Amino acid sequence: MLNILKSVNYGLRKDKVVNISIIAMIGIPFLLLMMISSGMGNAVKNLTPSFIVGSQLLGMIFALSYLGITIISCKAMGMDGSDKTINYEIMSGHRRFNVFAGRVIAGILWGTLLIWIINAIPVPVFYLINGWGKETDALDVIKRMLLCFFPMLRLCALNLMLASIFGSAGKGIVGGLGTFALFDILESVLSENFNLKMDFMFGFINILYLLIPQNSREFIIDGKPVTVFETAVTKEAVFGTIGASLLFTVLYLTVAYILFKKKDRQ
């Protein structure tokens, strides 16, 4: 399986679409933050992690990562779907499980861990420049960011499954984006018409729930009014996020492997 993992990692490193996606995932958040701060008239000076969280920008940054997760995880599973690489690996003596698992591990390392690290970069960068800020509690926000790894893992597993089902990275990406649109419509219908709580039902919504503060209060700090956001991490957030994410991750990967194992290779 190690050789499979090395092969997939090599393919991802050389893939232009993957490299462009990673560059975009790094650049877009900083471009967005620079545009917002310039509109405030005081550029970088006002950008603290607290402001980024309180203004919902951190939630938007992590939410935008769905595109990167979709592209990279589908590439990990299906970038060689159009040739006979998988068939050659199986015929050369590799177990189907190892062939599958090597692609899953690479997909998680690139499509979850790497994207999570990239999304988190603005927080330490602006902390070092401007300090934390007064609007949020640093430890609470860090806990919420760490929890975001789990719904991102869930989204990665979903796209790994789709790429495995379609046997193609391109079709998997289209399917992943289509699934996102479908879930978004379904969430709107369920929440607006049936008033159902969607916090942990969909991975994308789970990320927004964790990183977009819902409640705030006004305080006078150092003689100035400051909007302080409620960011305490509840047991519901911890267990709901981890439980739902791991459940769906296992479900998606189980379905993917069953279909992968049964699929005839051409």
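Visitor: Which helix here is mostly covered?
Guide: Helix H11, residues 203-211, is mostly covered, with eight of its nine residues buried. Buried means under 20% relative accessible area, exposed means over 50%, and partly exposed is in between (1.4 Å probe, protein chains only). Among the buried ones are Phe204, Ile207 and Leu210. Helices are DSSP runs of H or I of at least four residues, strands are runs of E of at least two, and both are numbered from the N terminus. Keep in mind that this is a predicted model, where local features need pLDDT of at least 70, side-chain atom pairs count only at pLDDT 80 or more, and totals for chains, interfaces and linings use all residues. Residues are numbered from 1 along each chain as its sequence is written, and side-chain values use heavy atoms, leaving out hydrogens and water.

Visitor: What covers the buried residues of H11?
Guide: The cover includes helices H3 (49-54), H4 (57-78) and H12 (235-262). Helices H8, H9 and H10 are included too.

Visitor: Why is Asp199 called buried?
Guide: Its relative accessibility is 15%, and the limit for buried is under 20%, so Asp199 counts as buried. Asp199 lies in the loop between H10 and H11. Leaving aside residues up to four places away in sequence, Asp199 touches Ile205, Asn206 and Tyr209; touching here is a contact, with heavy atoms within 4.5 Å.

Visitor: What makes Asp15 and Lys75 a salt bridge?
Guide: Their side chains meet at 3.3 Å, N to O. A salt bridge needs a side-chain nitrogen of Lys or Arg within 4 Å of a carboxyl oxygen of Asp or Glu, so this pair qualifies. The pair links distant parts of the chain, 60 residues apart: Asp15 is in the loop between helix H1 and helix H2, while Lys75 is in helix H4. Both Asp15 and Lys75 are buried. By this rule, the count comes to one salt bridge.

Visitor: Why are there zero disulfides?
Guide: A disulfide is a covalent bond between the sulfur atoms of two cysteines. The rule asks for a pair of cysteine sulfur atoms within 2.5 Å. For Cys74, the closest cysteine sulfur is in Cys156 at 8.8 Å, so that is too far for a bond. The closest one to Cys148 is also in Cys156, at 15 Å, again too far. The count for the structure is zero.

Visitor: How do you know that E1 and E2 pair?
Guide: Two strands pair if DSSP finds at least two bridges between them. E1 (residues 216-221) and E2 (residues 224-229) have six bridges in the antiparallel sense, so they pass. Ser216, for one, has Phe229 in E2 as its bridge partner.
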